[in-house]
Every structure is written in C-alpha cells, then in structure tokens.
Amino acid sequence: MNGPARSSTVTLAALVVGGAVLALLLSCLGMIAPLQTLWSLGTGWVTYPLENAGAIAVEWNAVAVTVLALGIFTALAHVLLSRCRKMSAEEGARRSLPLRRTLGITIAVVFAFVGGLSTVGIAHQIAWMATADEELVNSNASYRTWQLVTGRNHLKQIGLGVHFYHDAEHSFPASVADREDGRLLHSWQTLMLPYIDKAALYGRIDIARPWDDPANREAMGEIVPEYLSPRHQTETDRNSNGYALSHYTGNIRVLPPGRSLSFDDVTDGLAYTILAGEVGAGFKPWGDPTNLRDPALGLRVSPATFGFSETDATNLLMADGRVHAVGPRIDPAILRALATPDGGEPAPVDWGRREGGRR
C-alpha cells in the first residue's frame, strides 16, 4: 500500500475510533438524544417502513395496473429497440436485443421518472420555505418535543439502572422494609442511586434509618436530575418540607413494598409489563418508599394515578427497558394487561404502535 492510500486508511480508522469513543462518552453522560438523532437519520429509512408496516394498506388494483403498464412498456420498448438494432447492424450481425438490456432500460426510466418527481418536490418545498410567512420552526412545539424526549431519556436511564441492579442483586429494587415491624424505610429509587451514577449520594444515606429521619434529611433534599421531567415546572423539584421530588413512580404490582420480584416472575413478558412511568400531579419525594402507583387504575384518572395530563402522552417504562409515549386514550383493557407481571391477560404484540407509543 502506497503512502497516500495508507494515510487515508489511517485517517478513516482514526475518525471511526474517535466517533465510537465520543458516542460512548455521550451515552455515559446520559446525552443520548444526539445519538438517537444520528441513529434515526442513518437507519430511519429502514426502521420507519418496518415499524409502520401494519398501518400500510396495499391497493392491489393499483399494483396490478402498475405491473401491467410496466410490462406493456417493456414489451413495446423491446420490440422497438430490437428492430432499430437490426436496421442499424450489418447483414451478418443481425441479432435480437437481449431482454435483460431492455429490462435495465425500463428500470433506468422508472428511476429517472421518480428522481424527476422528487427533484420537483424538493424544489417546490424549498421555494415554499423561503417565501412562506409562517415560522420555519415552531419554538413552542420544538420545546415540547425536547421536553418529551428528555423525559423519555431519563426513564431509559432508570430502566438501564434497573437492569444493572438486577444483574447484581438478581431482583428488582424493592422498597426496603424493617425486618422487625415491617415499616417501610427506603424507596426503590433510593436503591437505584448507585446504578444511575449517584453512588456518592447513596453513600450519604443511612439505610438503617428511615428515609425521613433527621440523619437522612440533607441527602433526601438532594435533587436527582434523572428523577425529574422537564415537562414540569421547577417549583415541583422539592416539596414544602425540602425533600427532593420525583416525577416518576413505580408500578406497585412489579415493585411491591418489602418484596423483591425478579425477571422470572414477569411471566407476561418484560416487554408487556409496565415497570415505572411519568406522573403529572401528587409528586412524592424520590426517597419516599410509598412512591408507587397502580397503572391498572388508568392514566390521569386522579392525581394519584399514572399519567402526565388528560390530553398529552405519558412516558411509560417497560420492564425490558423500552419507553413508550402512550396516549391518554389507551384501551383500559390493554393498560390493565400491561400493569400485571403475571396476570396472563393478552396484550397485542403491536400495542405500542397502535396506542401511539414510541420506542
């Protein structure tokens, strides 16, 4: 390999390694939104058709007409091009045009036609964007989208932490209860701290004493960004007693107080069982062991249920680590099925897409 070629190869390898290291650092810091954007741009043209295949209705009549028209065009083109070839060839070299060449010409014409339409559409869109009176970017809509995505990323970090916890403890993080009197001492979110890069905060907590004991008051007033959603105002970061709040709550059926379940107990399937989710009212401190709710009661039926609002989507974390943005009109039967880890209720395989969910 000569000098310039070797230099190009080394440069390309350095860029690939540098990009991989940068992606790893961003993911470790929780900044996965840029990575998701790059991934969507690179693979969206493949994943979008796959995710929406069930919503695509095929017009077989139109398909049949298109195939017939292409067949007629190919046949006529083959006959015409074959005659032109024979007329222009020498007497001893007259041969029919190979059919594969005609098919190649047909494909080239189709691509040229589609490319021409795309070019016209792009030019029209650019002209509209340059001359339209409307704002190109709706700042309010963009901000709401950022809030939704950031809240979803926080839940993904919690889900990843749950899996790390399960790898270490072979169970879900359950609220800690006193062995003698059964009194609840600490929440599942407290146990999660070392697994979401908050080991220092966890080290300041005296697990032997209740979460609201004076000895734990300072630590329990520490805001944990991963437990907050930017969809809520900053005044909901702490309550009147100074305890830091959480905008997420656990599924009491999967994280029952004082009892630890494991992946093996989720017989309905991890992808079909809600682990935690977003709430829009009645926030509790992240250290409160009663920060649990029942998804089977519905979304925003009351301030004590799951759900962001009566009109907006709610981020729900499944036990497999995926997050769905579920609309408020989700079928109650599906929600009840997703609430139980071992209820045996059937849930549609594509429930996320059907109910407006996003993975």
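This is a predicted model: local features need pLDDT of at least 70, side-chain atom pairs count only at pLDDT 80 or more; totals for chains, interfaces and linings use all residues.
Local features were considered at pLDDT of at least 70 and side-chain atom pairs only at pLDDT 80 or more, whereas totals for chains, interfaces and linings use all residues. Residues are numbered from 1 along each chain as its sequence is written, and side-chain values rest on heavy atoms, with hydrogens and water left out.

Secondary structure elements are DSSP runs numbered from the N terminus, namely helices (H or I, at least four residues) and strands (E, at least two). Two strands are taken as paired if DSSP finds at least two bridges between them. Strand β4 (residues 248-251) pairs with strand β5 (residues 274-278) in the antiparallel sense, over three bridges. β4 also runs parallel to β7, to which two bridges join it. G250 takes part in both pairings: its bridge partner in β5 is A276, and in β7 it stands opposite L292. In a regular strand, side chains alternate between the two faces of the sheet.

Burial was assigned from relative accessible area (buried under 20%, exposed over 50%, partly exposed in between; 1.4 Å probe, protein chains only). A nonpolar core is a set of buried Ala, Val, Leu, Ile, Met, Phe, Trp, Tyr and Cys residues joined through side-chain atoms within 4.5 Å. The largest such core has 28 residues, of which I158, F172, L193, Y227 and W286 touch the most other members. Helices α5, α6 and α8 and strand β5 each supply at least two residues of this core, and α5 gives the most, with three. A second, separate core comprises ten residues, among them F306, I330, I334 and L338. In soluble globular proteins, nonpolar side chains tend to be buried together.

F172 counts as buried because its relative accessibility is 0%. Contacts were defined as heavy atoms within 4.5 Å. Neighbours within four places in sequence aside, the residues in contact with F172 include V162, Y165 and H166, as well as V254, L255, F263, V266 and L275.

Aromatic pairs were assigned to rings of Phe, Tyr and Trp (its six-membered ring) whose centres lie within 6.5 Å; planes under 30 degrees apart count as stacked, over 60 as edge-to-face and the rest as tilted. The structure holds four aromatic pairs. In one of these, the rings of Y165 and Y195 have centres 5.3 Å apart and planes at 75°, so the pair is edge-to-face. This pair links distant parts of the chain, with Y165 in helix α5 and Y195 in the loop between α6 and α7, 30 residues apart. Y165 is buried, at 11% relative accessibility, whereas Y195 is partly exposed, at 24%. F172 and F263 also form an edge-to-face pair, at 5.3 Å centre to centre and 65° between the planes. F172 lies in the loop between α5 and β1 and F263 in the loop between β4 and β5, so that 91 residues separate the two.

Salt bridges were counted where a side-chain nitrogen of Lys or Arg is within 4 Å of a carboxyl oxygen of Asp or Glu. Eight were found by this rule. Side chains of opposite charge can pair when their charged atoms come close. E226 is in the loop between α8 (217-220) and β3 (245-246), and K198 is in the loop between α6 (188-192) and α7 (199-203), 28 residues apart. Both E226 and K198 are buried. R231 forms a salt bridge with E278, at 2.8 Å between the closest N and O atoms. This pair connects the loop between α8 and β3, which holds R231, to strand β5, which holds E278, over 47 residues. R231 and E278 are both buried. In the salt bridge between D213 and R209, the closest N and O atoms are 3.6 Å apart; R209 is partly exposed, at 41% relative accessible area.

Positive phi values occur at two residues other than glycine: H170, near 60°, and R300, near 55°. H170 lies in the loop between α5 (139-169) and β1 (176-177) and is exposed, at 60% relative accessibility. R300 lies in the loop between β7 (292-293) and β8 (314-318) and is buried, at 18%.
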